[in-house]
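Please keep the sequence and the model in view while working through the numbered points.

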Amino acid sequence: MVIFVNKEIAMAENVRTKAYNEVREAKLDCYLCDITLTEISAEVKLQSLLDHAARRIYEKEKGRNSELVSK
């Protein structure tokens, strides 16, 4: 059990935990969903790869457009 001595340390720990969770979630978004792994190979269906790439590009552009609107 961790007991924080002061409020600043507790807030810093909370920020670190939040940042870690955001990074973990972002990493999970990078993984393809349809991968076949064996001891000697890895295969990804082409349509799955194209869908994943298109989704990532769309999300990136959507974020860029919302930044322009908010400015």
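Is C33 buried or exposed? With a relative accessible area of 76%, C33 is exposed, because a residue counts as exposed when that value is over 50%. The points below set this residue in the context of the model.

1. **Confidence.** The mean pLDDT of the protein is 78, and 70% of the residues score at least 70. Among the elements, helix α1, which covers residues 7–30, has the lowest mean pLDDT, at 75. Strand β2 has the highest, at 91. Where pLDDT is low, the predicted coordinates should not be read in detail.

2. **Overall arrangement.** The protein contains 2 helices and 2 strands. Along the sequence these follow the pattern α-β-β-α. Strand β1 spans residues 35–37 and helix α2 spans residues 46–70, while strand β2 spans residues 42–44.

3. **Surface and burial.** The accessible surface of the protein is about 6,900 Å², and carbon and sulfur atoms account for 60% of this area. Of the 71 residues in the protein, 4% are buried.

4. **A buried histidine.** H52 is located in helix α2. This residue is classed as buried because its relative accessible area is 15%, and the cut-off for burial is under 20%. The side chain of H52 reaches the backbone oxygen of C30 at a distance of 3.3 Å.

5. **Cysteines.** C30, whose backbone oxygen is reached by H52, has a relative accessibility of 39% and therefore counts as partly exposed. C33, by contrast, is exposed at 76%. A disulfide is a covalent bond between the sulfur atoms of two cysteines. A search of the whole structure finds 0 disulfides.

6. **Salt bridges.** Side chains of opposite charge can pair when their charged atoms come close. How many salt bridges does a search of the whole structure find? The search finds 2. One of them joins the side chains of K45 and D34, at 3.9 Å from N to O. This pair links distant parts of the chain, since K45 is in the loop between β2 and α2, D34 is in the loop between α1 and β1, and the two are 11 residues apart. K45 counts as exposed because its relative accessibility is 55%, whereas D34 is partly exposed at 29%.

7. R55 is partly exposed, with a relative accessible area of 33%. E59 is likewise partly exposed, with a value of 34%.

8. **A nonpolar patch.** Which residues make the nonpolar surface patch of about 570 Å²? The patch is made by I35, L37, V44, L46, L49 and L50. Strand β1 and helix α2 each supply at least two of its residues, and helix α2 gives the most, with 3. V44 is placed in strand β2. Because its relative accessibility is 37%, V44 counts as partly exposed.

Methods: Residues numbered from 1 in each chain as written. Predicted model: local features only at pLDDT ≥ 70, side-chain atom pairs only at ≥ 80, totals over all residues. Heavy atoms only, no water. Patch = residues over 30% accessible without salt bridge, like charges linked within 9 Å, V, L, I, M, F, W, Y side chains within 5 Å. Areas by Shrake-Rupley, 256 points an atom, 1.4 Å probe, with all protein chains shown as cover. Salt bridge = Lys/Arg side-chain N within 4 Å of Asp/Glu carboxyl O. Helix = DSSP H or I, 4+ residues; strand = E, 2+ residues; numbered from the N terminus. Buried < 20%, exposed > 50% of the residue type's maximum accessible area, 1.4 Å probe, protein only. pLDDT = per-residue confidence, 0-100. Disulfide = S-S within 2.5 Å. Polar contact = N/O pair within 3.5 Å; in protein donor to acceptor, adjacent residues only side chain to side chain.
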